[in-house]
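Work through the exercises below with the sequence and the model side by side, and try each task before reading its solution.

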Amino acid sequence: MIILSFLFLLTATLYSSVGFGGGSTYLALLLIWDVPYLIFPVIALFCNIIVVSGNCINYIKAGNINLKILTPYLISSVPLAFIGGSLSVDKEVFEILLFVVLTLAGALLLLKFQSFDQKIEVYKKIPIILSLLIGASIGFVSGVIGIGGGIFLSPILLLVRVDSAKNIATAASLFILINSMSGLAGQFTKSSVINEIYSYWPLFLLVLLGGQLGNYLNLKIFPARMLALVTSALVIFVAIRMGLKLFA
């Protein structure tokens with residue numbers, strides 16, 4: 001538990017520094033540590049909510065918010081996250097999906113890490129229908145696996161350049177927070193697991209600390225692109241470690 005708690009602290013610190021919650025990496029760590037499969041998503045979603053709540057508060061206080069770019073994605077993602085969270089998935093299928101998610105997320109972050117500090121004044125719009133489809137797709141996959149989905153939404157918005165990097169980070173944090181709540185509600189429709197997660201309370205405490213530390217690093221010390229690069233390295237490392245566990 002000590003080593004796992006430290007890794008959760010590190011994950012929360014790095015992910016929160018670029019506006020994410022860390023759900024995909026929490027899941028991979030729980031899998032590597034052989035934590036009971038049925039409580040994976042619940043623990044990861046709780047940790048997500050703890051971390052991104054701090055993100056949202058700090059980013060909104062800094063004035064980095066534009067609800068117009070976020071609303072269409074939330075409209076379609078929230079109900080799909082609930083539906084995805086309510087589905088029962090075999091452990092083998094879950095592990096493969098998580099491996100794919102980690103690999104894609106790490107690659108997207110690595111490709112777009114420089115965008116986290118770009119100051120661009122000319123922005124583009126994504127058609128509403130396409131925004132709704134993107135939100136629905138991310139929401140459903142996120143609900144099934146037990147993540148917030150911001151790690152996919154943020155690189156897409158950065159790629160299209162719909163707004164400033166800081167506003168996109170805020171949008172990703174709010175997206176993760178709301179979808180994590182919806183996915184968690186879906187998870188609770190399957191079985192009551194709340195009593196089984198009490199013994200993992202150190203993880204929740206450490207991600208709370210890590211979330212605040214990551215926000216401080218982002219706002220006060222390190223450039224966001226450097227933190228995004230380190231985070232992508234962590235995601236790729238965990239993906240490789242998980243791939244070795246699954247396929248070696």
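**Exercise 1.** Over residues 37-57, what percentage of the chain is helix and what percentage is strand, and how far apart are the end C-alpha atoms?

*Solution.* The model is a predicted one, in which local features need pLDDT of at least 70 and side-chain atom pairs count only at pLDDT 80 or more, while totals for chains, interfaces and linings use all residues. Residues are numbered from 1 along each chain as its sequence is written, and side-chain values use heavy atoms, with hydrogens and water left out. Over residues 37-57 the chain is 86% helix and 0% strand, with 32 Å between the end C-alpha atoms; helices are DSSP runs of H or I with at least four residues, and strands are E runs of at least two. An unreviewed UniProt entry lists 37-57 among its "transmembrane region" features, as it does 197-214, and such annotations may be inferred rather than shown by experiment. Over residues 197-214 the chain is 78% helix and 0% strand, and the end C-alpha atoms are 25 Å apart.

**Exercise 2.** Identify which residues touch the most other members of the largest nonpolar core.

*Solution.* A nonpolar core joins buried (under 20% relative accessible area, 1.4 Å probe, protein chains only) Ala, Val, Leu, Ile, Met, Phe, Trp, Tyr and Cys residues through side-chain atoms within 4.5 Å. Among the 68 residues of the largest such core, Phe8 and Ile43 touch the most other members, and helix H3 (residues 40-61) supplies the largest share, 10 residues. Next, leaving aside residues up to four places away in sequence, Ile43 touches Phe8, Leu30, Val35, Ile197, Tyr200, Leu203 and Phe204, where contact means heavy atoms within 4.5 Å.

Definitions and conventions:
Buried < 20%, exposed > 50% of the residue type's maximum accessible area, 1.4 Å probe, protein only.
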